[in-house]
Amino acid sequence: MEDLSCYHCGDTIKTCITFDEKSFCCNGCKTVYEIFSENGLASYYDLDAAPGAAPGKFEGKFDFLGNEQIVEKLLEFDDGNTQIISLYIPHIHCSSCIWILENLNKLRPEISSSQVDFPKKSIRVTWNSKRLSLKELVLFLSSIGYAPYISLDDTETAKKKIDRSIIYKLGVSGFAFGNVMFLSFPEYFEVNEFWLDQYKGLFRWLMFVFSLPVVFYVAQDYFISAFKGLRAKTLNIDVPLALGIVVLFVRSTLEIIFDWGTGFFDSLTGLVFFLTLGKFFQQKTYNFLSFERDYKSYFPIGITRITSEGKEESVHVNEIEKGDRILIRNEELIPVDGILINGSARIDYSFVTGESEAVKKESGDKLFAGGRQLSGIIEMEALKSVSQSYLTKLWSNDVFQVKKEDSFTSLINTISQYFTVVLLIIAFTATAFWAFTDVKVAINVFTAVLIIACPCALAMSTPFTLGNLLRIFGNKKFYLKNAGVIEQLAKADTLIFDKTGTITSNKKSSITYEGIELSAEEESLLKNTLRASNHPLSRTLYDMLAEYEISPPKEFREFTGKGIEAVYDTSAMKVGSAEFVGNTATTTTLNTSVHVSANNEYKGRYVFYNEYREGAKELFEELAPEYHLSILSGDNEGERSRLQKLLPRQTEMHFNQKPENKLEFIKSLQQKGQKTIMVGDGLNDAGALAQSEVGIAISENVNVFSPACDAILDASAFGKLFGFMKASKAAIKIIKISMVLSFLYNIVGLYFAVTGQLSPIIAAILMPLSSISIIVFTTVCTNLIGRKI
């Protein structure tokens with residue numbers, strides 16, 4: 001009688017428990033099935049058969065999570081209502097695991113979101129801490145078969161130990177291959193003299209013994225992957241490899257049992273060794289690229305630090321240390337955890353939690369990295385230095401990722417599936433042909449075809465090309481959210497630029513004042529009002545005004561695209577457009593102006609004479625032949641004549657554009673089929689940045705980048721934008737060339753394999769070499785491209 005398997009976990013059933021006409025090995029598996037079914041999540045079992053794990057006994061195992069000090073160190077975020085944690089879950093292994101773990105909110109409404117990082121086998125969970133404790137969350141995950149591994153040795157984040165399995169497998173396969181080759185020498189040279197011939201049988205059985213760990217340990221990943229693919233009714237690229245290994249092993253074993261010959265143990269162990277060697281080099285290269293991206297591609301974030309003398313200085317965010325006093329202006333992102341000292345804080349944590357409702361904080365309250373200040377200026381004390389990897393995690397948060405399909409990846413996945421089907425047809429057809437002539441040759445042909453035509457090189461061309469270019473861009477101060485942005489850059493045919501703070505430099509503007517002279521008190525209040533704003537004009541004017549005693553406003557409001565308003569003890573200040581401050585005079589100026597009123601009395605205006613970024617003229621001249629160019633400015637037409645001299649004739653110019661006008665302009669271009677890139681300063685351009693195919697935020701030295709953007713370009717690298725665009729197009733060409741090379745390699749290899757001119761061991765050497773050659777080709781080409789930027 002065939003053994004029954006558990007419907008949930010797949011284990012052999014010793015004591016059968018039947019429920020809903022299904023068999024389970026224990027009450028735990030039955031209970032998990034009931035939970036999923038009652039909540040409409042039975043689709044879990046449609047993705048993979050028996051994908052779960054039997055829940056273990058975990059009473060008391062997580063009691064340490066009742067300790068608030070331990071919980072505080074484990075949490076990434078905690079504002080009293082919402083908590084966030086990343087947990088390492090070893091049991092994540094298939095599509096069903098990902099699906100159920102990303103639908104936890106349907107099982108427990110206290111959980112607002114959960115995101116799985118499959119390669120790292122981790123999950124990032126956001127939940128309501130008033131209704132669910134961390135201990136209850138962990139016990140719940142354990143109850144459905146996904147118990148987290150939490151290490152008390154590392155209370156910042158539970159991390160997976162370094163995986164050295166590939167090194168062990170390489171050592172085992174190399175040792176076995178070397179010994180099998182040594183034992184095969186008498187067969188190679190047909191040595192019959194002396195005493196070697198009488199030990200031929202022993203040598204063959206020793207080769208069999210050496211092949212066992214190679215097949216059942218080193219090659220197990222190929223069998224597991226192929227089995228899961230077949231169970232999911234897909235033919236992945238490991239199916240032909242697993243089939244080739246099985247054929248070689250079975251045929252070789254039969255040969256030595258029945259004394260037909262020496263078998264193919266040399267080819268078998270050599271095949272697996274070279275496959276493992278190729279995988280080792282691929283992993284080393286991939287880890288190298290990932291490491292450089294994670295730790296070197298940090299954002300161009302600057303922050304204002306208040307010195308012990310009370311002066312303000314702009315420093316790089318990485319220079320912030322524990323105990324430093326930091327100034328956070330309106331709309332700025334909080335870079336570190338800290339304590340609020342002065343000011344009225346309304347913090348938007350949507351960048352961290354996805355919840356849009358702002359949270360009010362008072363002096364003495366804790367503030368968390370990633371929150372955005374919404375009501376004026378605050379001062380805080382840093383509790384620790386910046387964890388740049390944490391900011392990187394925020395930047396990569398799926399809540400803010402615009403879903404832009406990476407068509408090359410999906411194309412290659414589709415090609416790989418069809419490629420495997422065609423490959424199996426060729427292998428069986430060629431084998432059937434040779435079987436009538438020579439069975440030994442037929443087996444060689446079958447195995448060589450399966451090995452030589454593996455589409456690994458094809459599948460690696462895209463991630464290695466885009467991954468390496470991502471690293472190069474980061475080193476040159478162009479920071480992309482993900483590799484898919486490179487493909488969008490290559491497709492673009494239209495660039496739209498904001499003017500103020502984008503093509504103009506905030507640091508190089510001359511200013512004149514026209515109007516009623518401000519008193520010392522009024523100028524002091526104006527300085528303090530501007531101090532809270534992050535608008536480029538505000539920052540420029542603030543730097544120009546004389547130093548005054550710091551006096552934070554009681555109330556502060558910033559109206560996007562209009563101006564700012566601040567209320568003090570006995571006075572009120574308005575700064576912004578003429579209409580906003582209440583100027584009804586008919587006199588106008590075509591230059592950019594900031595108007596000022598005190599206690600609802602109009603005072604005058606500051607007129608700005610912009611200085612354009614170094615290299616702006618040359619950049620637009622490079623872009624003009626290949627792209628449609630437009631300028632969208634919220635200012636009036638005072639700069640039109642200067643821009644006409646500076647920019648190419650065909651550049652469209654639109655002035656007096658409100659944020660909603662910019663967004664509608666992008667939409668109108670997209671409706672015409674144009675692929676757009678919006679370049680702005682991340683303040684009034686957030687909607688346009690999000691709407692465009694690629695939104696690029698220009699960053700000076702303040703922390704004002706928008707989560708709606710896809711890339712951050714350091715202001716110092718503005719003139720290199722065309723170089724980045726060219727490099728993106730070149731990267732797509734490299735991918736296409738790599739795909740062509742991979743196909744040519746497979747066609748040539750298949751010819752020699754089908755005609756019986758290629759042995760399995762040579763195929764095993766060439767297969768990983770082809771993958772490594774693609775890696776080398778893409779890396780060298782992208783590095784050459786990077787030098788030209």
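The structure is a predicted model, in which local features need pLDDT of at least 70, side-chain atom pairs count only at pLDDT 80 or more, and totals for chains, interfaces and linings use all residues. Residues are numbered from 1 along each chain as its sequence is written, and side-chain values use heavy atoms, with hydrogens and water left out.

The chain holds 27 helices and 28 strands, taken as DSSP runs numbered from the N terminus (helices: H or I, at least four residues; strands: E, at least two). Of its 789 residues, 52% are buried, where buried means under 20% relative accessible area, exposed over 50% and partly exposed in between (1.4 Å probe, protein chains only). The accessible surface amounts to about 36,200 Å², and carbon and sulfur atoms contribute 54% of this surface; these areas come from the Shrake-Rupley method with a 1.4 Å probe, and for residues only the protein chains shown count as cover. Among contacts with a separation of 6 or more, 67% join residues 24 or more positions apart, contact being heavy atoms within 4.5 Å.

We can turn to an open sheet of 7 strands, with mixed pairing and the order 16-28-27-26-17-24-25. Two strands are taken to pair if DSSP finds at least two bridges between them. At the edges are strand 16 (478-480) and strand 25 (652-654), each pairing on one side only. Neighbouring strands are turned by 20° against each other on average, direction ignored; axes here are lines fitted to C-alpha atoms, for helices over the stretch in contact, and angles run from 0 to 180 degrees between N-to-C directions.

Strand 17 (residues 494-498) pairs with strand 24 (residues 628-632) in the parallel sense over 5 bridges, with Leu495 opposite Leu629 and Asp498 opposite Leu632. Strand 17 also runs parallel to strand 26, joined by 4 bridges, and here Ile496 has Met678 as its bridge partner. In a regular strand the side chains alternate between the two faces of the sheet. In strand 17, Thr494, Ile496 and Asp498 point one way, while Leu495 and Phe497 point the other way. Because 5 of the 5 residues of strand 17 are buried, this strand is largely enclosed by the rest of the structure.

Helix 24 (residues 659-671) touches strand 17, strand 24, strand 25 and strand 26 (676-680), and its direction makes about 175° with that of strand 17. Helix 26 (residues 721-754) lies across strand 16, strand 17, strand 26, strand 27 (694-699) and strand 28 (711-714), at about 155° to strand 17.

Another open sheet has 6 strands in the order 18-23-22-21-20-19, with antiparallel pairing. Strand 18 (510-515) and strand 19 (555-559) each have a single partner strand, so one side of each is left without a neighbour in the sheet. The twist averages 15° from one strand to the next. Strand 20 (residues 563-567) and strand 21 (residues 572-576) run antiparallel and are joined by 5 bridges; Val575 in strand 21 is the bridge partner of Ile564. Helix 20 (residues 536-544) packs on this sheet, touching strand 18, strand 20, strand 22 and strand 23, and makes about 100° with the direction of strand 23.

The whole structure contains 17 aromatic pairs, counted when rings of Phe, Tyr and Trp (its six-membered ring) have centres within 6.5 Å; planes under 30 degrees apart count as stacked, over 60 as edge-to-face and the rest as tilted. Phe208 and Phe249 are stacked, because their ring centres are 6.0 Å apart and their planes at 20°. Both Phe208 and Phe249 are buried. The rings of Phe478 and Phe724 have centres 4.6 Å apart and planes at 35°, so this pair is tilted. Phe478 lies in strand 16 and Phe724 in helix 26, so the pair ties together parts that are 246 residues apart in sequence. Phe478 is buried at a relative accessible area of 1%, and Phe724 is buried at 0%. Ring pairs also link Trp205, Phe208, Phe216, Phe249 and Phe265 into a cluster.
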